[in-house]
There are 4 protein chains.
Amino acid sequence: MRSFASDNNSGVHPLVLTALCEANSGHAIGYGDDPWTKEATQAFRREFGPDAEVFFVFLGTAANVLALNALTRPHECVICAQSAHINVDECGAPERFLGSKLLSFPAINGKLDVKDVESALHLLGNEHHAQPKTVSITQCTELGTLYQPREIRALADLAHANGMRLHMDGARIGNAAASLGQSLAQATRDLGVDVLSFGGTKNGMMYGEAVVFFRSELAAQFRYIRKQGMQLASKMRYVSAQFTAMLTNGLWRESAAQANSMAQLLARTVSSIPGVTVTRPVETNAVFARIPARAVHALQKRFFFYVWDPTPENTPEVRWMCSFDTTEDDVNAFAQALRDALK
Amino acid sequence: MRSFASDNNSGVHPLVLTALCEANSGHAIGYGDDPWTKEATQAFRREFGPDAEVFFVFLGTAANVLALNALTRPHECVICAQSAHINVDECGAPERFLGSKLLSFPAINGKLDVKDVESALHLLGNEHHAQPKTVSITQCTELGTLYQPREIRALADLAHANGMRLHMDGARIGNAAASLGQSLAQATRDLGVDVLSFGGTKNGMMYGEAVVFFRSELAAQFRYIRKQGMQLASKMRYVSAQFTAMLTNGLWRESAAQANSMAQLLARTVSSIPGVTVTRPVETNAVFARIPARAVHALQKRFFFYVWDPTPENTPEVRWMCSFDTTEDDVNAFAQALRDALK
Amino acid sequence: MRSFASDNNSGVHPLVLTALCEANSGHAIGYGDDPWTKEATQAFRREFGPDAEVFFVFLGTAANVLALNALTRPHECVICAQSAHINVDECGAPERFLGSKLLSFPAINGKLDVKDVESALHLLGNEHHAQPKTVSITQCTELGTLYQPREIRALADLAHANGMRLHMDGARIGNAAASLGQSLAQATRDLGVDVLSFGGTKNGMMYGEAVVFFRSELAAQFRYIRKQGMQLASKMRYVSAQFTAMLTNGLWRESAAQANSMAQLLARTVSSIPGVTVTRPVETNAVFARIPARAVHALQKRFFFYVWDPTPENTPEVRWMCSFDTTEDDVNAFAQALRDALK
Amino acid sequence: MRSFASDNNSGVHPLVLTALCEANSGHAIGYGDDPWTKEATQAFRREFGPDAEVFFVFLGTAANVLALNALTRPHECVICAQSAHINVDECGAPERFLGSKLLSFPAINGKLDVKDVESALHLLGNEHHAQPKTVSITQCTELGTLYQPREIRALADLAHANGMRLHMDGARIGNAAASLGQSLAQATRDLGVDVLSFGGTKNGMMYGEAVVFFRSELAAQFRYIRKQGMQLASKMRYVSAQFTAMLTNGLWRESAAQANSMAQLLARTVSSIPGVTVTRPVETNAVFARIPARAVHALQKRFFFYVWDPTPENTPEVRWMCSFDTTEDDVNAFAQALRDALK
């Protein structure tokens with residue numbers, strides 16, 4: 001049975017698993033000095049440009065925290081949305097590893113606004129305040145919504161004009177680019193992003209994320225940061241082989257598009273069910289909805305998922321995520337279970 | 001071609017790979033609330049006792065650093081050998097994450113002595129000095145040597161008598177237990193070890209290590225430490241499935257014993273080659289030797305390996321490691337290449 | 001000329017300076033093992049109870065950060081008001097030293113509400129989120145307002161009922177206690193406060209603050225935290241002598257009451273000036289007001305002070321602070337200068 | 001009674017106390033924007049050059065840690081002597097605040113050698129090891145010995161040739177310069193020192209140390225580091241006024257020379273007492289000696305001092321320090337007490 005709790009509940013795409021098995025051939029030097037890692041790096045450079053610097057890590061929290069560490073000293077701060085994963089879902093990992101403050105703003109539909117960043121500029125130069133240095137946005141957002149390209153460009157321009165840099169948490173960048181019809185470079189580097197956390201796990205990999213630098217000088221110390229940050233894989237070929245598979249023949253896009261498409265279907269289907277209100281724009285692979293509280297418990301017995309906002313008590317907001325392997329049958333079965341739960 | 005550079009140059013044991021493929025079945029709740037993780041936890045408890053607390057992480061550096069973090073506050077210090085992996089090979093990760101000093105001692109053949117720990121006891125209670133709190137030993141050591149059971153017991157007793165705890169870096173605990181003919185519990189818990197970093201990667205896994213607590217009260221905060229330490233795997237079933245395979249039918253012991261056995265063969269074989277001097281006791285899967293400098297370069301062209309001690313220049317000390325998949329043919333081919341390089 | 005910019009613009013009270021000079025007698029063992037520190041500790045225990053644990057540090061930021069460190073592990077978080085000094089005016093020192101997240105709430109007139117803390121309770125037990133552990137309030141607040149005793153008691157009870165502790169930033173606790181007619185113990189310990197940052201500098205000392213623990217078990221490691229936190233004074237007698245002076249014959253209360261009284265006079269006086277609007281309750285020694293922007297610059301030429309809120313541009317909010325040595329003549333001169341600036 | 005336990009057991013020089021009292025005049029803007037701080041900064045620049053950047057902090061541990069923080073990122077390491085104050089007497093403050101490893105070497109008479117630094121150069125560029133970045137020496141050393149100017153120059157040249165910087169812990173730099181007949185610039189900047197911790201407290205100040213940068217680009221972020229490091233004094237004028245006094249009419253040199261001179265007298269006097277062996281070169285204001293254990297306890301009853309090395313038990317090594325206010329009578333009284341204790 002498929003789950004709609006999170007896109008990390010899915011397994012590994014068959015082509016990725018095949019690549020893992022094929023990489024299990026003989027011995028290879030550890031820590032990235034192997035042919036698989038060279039090949040994966042080249043694949044990334046085909047997408048992002050020949051001067052992109054690429055580093056693999058184990059998981060998304062680390063991709064974000066280490067990328068931010070490359071951009072930010074402890075007395076500097078990171079500007080983000082209150083709903084940002086780095087702000088609410090990483091148990092304080094950024095504060096712990098960076099030693100820095102996160103300066104967060106209430107953000108409609110999870111999107112940071114240029115006005116937010118502008119309001120922090122007065123802190124610059126005042127030693128009593130943590131110094132704004134890095135703007136971090138999530139594309140697509142934790143709420144499944146999308147920044148439009150011009151919105152990202154505006155944030156990048158404002159950041160750069162004030163000596164700051166733009167980091168993108170791209171745990172689901174594939175879903176964003178697929179939805180917007182962009183190439184990966186168009187979705188990131190071309191809009192002024194300086195460093196990208198490129199997600200693999202949620203789009204069908206077993207484990208592994210990449211930190212991609214578009215300005216190589218920012219990457220100068222990153223190999224040390226990664227090692228000290230406990231993210232240097234000894235048998236790195238197994239991360240690399242997965243990424244090569246993802247970047248071959250557009251597997252990343254095909255997988256993301258399927259998840260997005262199923263979210264559209266899910267949203268359309270549940271919207272027609274009385275008592276169900278879709279609460280946010282469905283722009284990628286997430287559907288947020290309010291349903292009667294009694295239906296939550298009944299439905300969770302058959303399909304586990306998370307309550308996003310428990311208030312008001314009688315109509316909480318829930319989150320349903322689609323994955324690369326979600327099918328129309330899965331959606332229909334879920335919708336039927338929801339109808340049953342609402343009876 | 002097999003490498004003798006490190007046991008992490010080997011690939012994944014076929015049975016582990018099979019377990020990974022079999023785990024790729026349907027959806028599963030993330031972060032460890034899945035059947036595979038339950039099964040692996042039970043397997044660990046069969047080895048270590050029903051009250052052992054087990055947590056999976058991605059890599060050995062993290063297993064060590066997070067285990068130490070569970071035992072040590074920033075103003076406390078960790079006592080270790082100068083040659084300890086935590087002291088020299090983790091790019092300062094312990095100092096960064098713990099905020100603590102490592103108090104290291106020159107240690108013959110990599111083994112910390114009770115006299116070392118005793119010499120630090122006078123620091124206790126003096127606010128000017130970091131307070132000794134955790135003793136960390138590596139079994140087998142980074143030099144391939146073994147602590148005898150009574151040596152570990154003596155360190156544990158001394159530590160406990162002074163309000164301290166004993167951590168074991170068991171990146172190669174399988175090699176140690178196999179060599180000493182111990183069960184995993186006999187090699188660790190039964191000797192007074194409080195927390196164990198249990199290595200998987202070097203013994204044939206793709207990735208994944210475990211932190212095992214033998215006193216459950218020490219584990220109380222560890223799930224938060226792991227998350228904040230950027231080591232909570234979302235698709236944890238794939239780590240868990242590997243560990244279950246390792247703990248089934250003694251795969252861990254069979255793999256470690258093969259590596260140990262090949263190291264014995266390698267040591268015997270190269271000892272008979274003029275110009276080669278084995279420099280340390282060969283007690284597990286490592287062989288250290290001094291060979292003429294000119295032979296190093298010639299041999300490295302065919303088999304990559306590391307120079308351990310570059311002095312004196314003309315006869316540096318090198319390290320050769322055997323793996324679960326090293327064969328007699330590999331050893332013989334390597335020995336022949338060494339003979340050729342010495343001509 | 002007296003300044004109204006901050007109560008730290010004032011000098012040292014003559015009785016404190018006398019105490020400093022008298023302490024300059026012969027040699028004394030460093031780091032607190034001296035008669036002056038014993039005497040000051042006894043003075044604190046007369047105020048707060050014989051089991052209070054008292055530690056002196058150099059400055060208020062350190063008192064707060066180290067006190068919070070005694071209560072909070074890195075994966076735990078500190079709940080505070082957005083306007084809290086620890087949140088906005090310490091350049092990220094808490095995040096740096098603690099490695100912890102601050103979870104801040106918009107707080108009317110700078111006062112944290114029980115509802116704020118209640119809204120964070122759902123985070124408890126979820127490893128993805130920093131765990132609420134310490135509630136930190138400032139009395140009097142950074143906005144010069146006061147928590148009523150029952151409000152502090154309610155926060156303490158809620159915290160304690162949920163395994164949390166209550167820290168009070170008492171940089172101006174003297175002003176609060178004087179205004180509320182409380183003893184120091186009534187203002188803190190008797191309301192459930194667990195640890196207090198007791199301010200000296202802003203109330204007429206040269207330097208020096210105290211961290212006072214009302215539950216001695218929380219102080220067990222504090223001497224090491226203070227040393228590692230770079231706050232252990234070698235010539236501690238000079239901090240101690242100042243505190244003894246402050247706690248003798250109610251000097252702390254007399255000084256604070258004078259500052260409070262002058263703030264009342266200032267508020268009354270400027271309220272009658274057309275174009276001036278006092279914006280917040282004047283409950284201690286701070287007066288916040290909105291005045292026309294053009295008057296700000298004119299007045300700042302004669303009396304330096306800070307603009308608190310620059311929006312809206314034409315009527316910014318400014319802050320005026322009174323000190324232990326502010327006189328009626330000072331207030332009248334300032335008010336006259338304000339009238340001149342408004343012409 | 002004067003103590004020989006530490007130069008921080010002494011009080012405040014009368015001229016410094018006078019300066020403190022004179023600074024207690026009216027109000028002044030906080031945090032260093034005051035005339036006293038301007039004056040003290042100018043005094044430093046007269047000593048060290050017009051482009052020296054000077055920052056005041058409260059204590060020596062902070063001067064060292066924050067100076068090192070300006071030079072060193074977490075994955076980089078600090079090379080120092082094992083006996084360095086930063087390594088043994090700061091309760092792990094450097095590791096905590098920097099997040100960096102200290103790489104320490106056994107150092108004869110407390111002096112780091114170029115060979116020590118050379119032996120660490122092979123770590124450069126290897127991501128598994130903390131990267132050598134900062135060399136830290138103490139002048140005079142914790143053992144009262146002196147680096148000769150050419151020795152410091154050699155360390156500076158080696159450091160700079162390898163992309164590293166040289167920090168000097170000058171807690172007793174006055175004693176060193178006085179002994180060597182150098183100006184302060186000759187003792188530091190002219191020898192290639194990049195950043196200096198300039199000690200005040202041990203040479204007759206009440207509190208306060210300075211961090212002096214000789215390459216202004218290294219100071220660019222220091223005001224934020226100081227604030228986040230909990231060392232920004234609000235009433236800074238009182239630190240500044242003390243430093244101005246110290247740098248006026250060579251008070252620093254006169255005070256240091258007196259302490260040095262009394263140490264010479266003490267060494268000469270006790271050397272002639274049977275059973276007393278002076279163990280280290282007496283080059284500044286410290287005398288180290290071995291005396292029979294029974295004499296230690298008898299003497300400590302009359303003059304408190306520290307046992308430096310408790311082994312061997314029957315003739316431990318003790319440390320006696322002279323201060324700016326130590327007199328010939330003090331030395332003679334102490335020597336007599338020692339003779340009595342030895343009877």
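Q: In this predicted model, what covers the buried residues of H8(D)?
A: Helix H8 of chain D spans residues 173-180, and six of its eight residues are buried, so the helix is largely enclosed by the rest of the structure. Those buried residues are Ile173(D), Gly174(D), Asn175(D), Ala176(D), Ala177(D) and Ala178(D). Their cover, all from chain D, includes strand E5 (165-170), helix H9 (184-187), strand E6 (195-199) and helix H12 (251-271).

Q: Which residue follows H8(D), and what is its phi?
A: Helix H8 of chain D covers residues 173-180. Next comes Gly181(D), with a positive phi, near 65 degrees.

Q: Is Val78(A) buried or exposed?
A: Val78(A) sits in strand E2 of chain A, residues 76-81. Buried means under 20% relative accessible area. The value for Val78(A) is 0%, so Val78(A) is buried.

Q: How many Å apart in space are Val78(A) and Gln131(A), C-alpha to C-alpha?
A: Set aside the neighbours within four places in sequence, and Val78(A) is in contact with residues including Leu68(A), Ile86(A), Leu103(A), Thr134(A) and Ser136(A). Gln131(A) is 53 residues away from Val78(A) in sequence. In space, their C-alpha atoms are apart by 8.6 Å.

Q: Which residues of chain D lose the most area to chain A?
A: The two chains bury about 1,900 Å² between them, and carbon and sulfur atoms give 47% of that. Three residues together account for 36% of what the chain D side buries. They are His75(D), Glu127(D) and Tyr224(D).

Q: How many residue pairs are in polar contact across the interface of chain D and chain A?
A: Here 20 residues of chain D are in contact with 20 residues of chain A. The count of salt bridges between these chains is zero. For polar contacts, with both residues at pLDDT 80 or more, the number of residue pairs is 14.

Q: Which helix gives the largest share of the side of chain D that touches chain A?
A: This side divides into five nonpolar, nine polar and six charged residues. One helix, residues 222-228 of chain D, supplies six residues of the side, the largest share. That helix is H10.

Q: Why do the copies, chain B and chain A, meet through the same surface?
A: Look at the interface residues of chain B. They are also interface residues in chain A, so the copies meet through the same surface. The share that matches is 100%.

Definitions and conventions
Residues are numbered from 1 along each chain as its sequence is written. Chains are lettered from A and ligands numbered from 1 in the order in which they are written. This is a predicted model: local features need pLDDT of at least 70, side-chain atom pairs count only at pLDDT 80 or more; totals for chains, interfaces and linings use all residues. Side-chain values use heavy atoms; hydrogens and water are left out. Contact means heavy atoms within 4.5 Å. Buried area is the accessible area (1.4 Å probe) that two parts lose on being put together, summed over both. A salt bridge is a side-chain nitrogen of Lys or Arg within 4 Å of a carboxyl oxygen of Asp or Glu. A polar contact is a pair of N or O atoms within 3.5 Å; within protein, one must be able to donate a hydrogen and the other to accept it, and residues adjacent in sequence count only if both atoms are side-chain atoms. Helices (H or I, at least four residues) and strands (E, at least two) are DSSP runs, numbered from the N terminus. Ala, Val, Leu, Ile, Met, Phe, Trp, Tyr, Cys and Pro count as nonpolar, Asp, Glu, Lys and Arg as charged, and the others, Gly among them, as polar. Buried means under 20% relative accessible area, exposed over 50%, partly exposed in between (1.4 Å probe, protein chains only).
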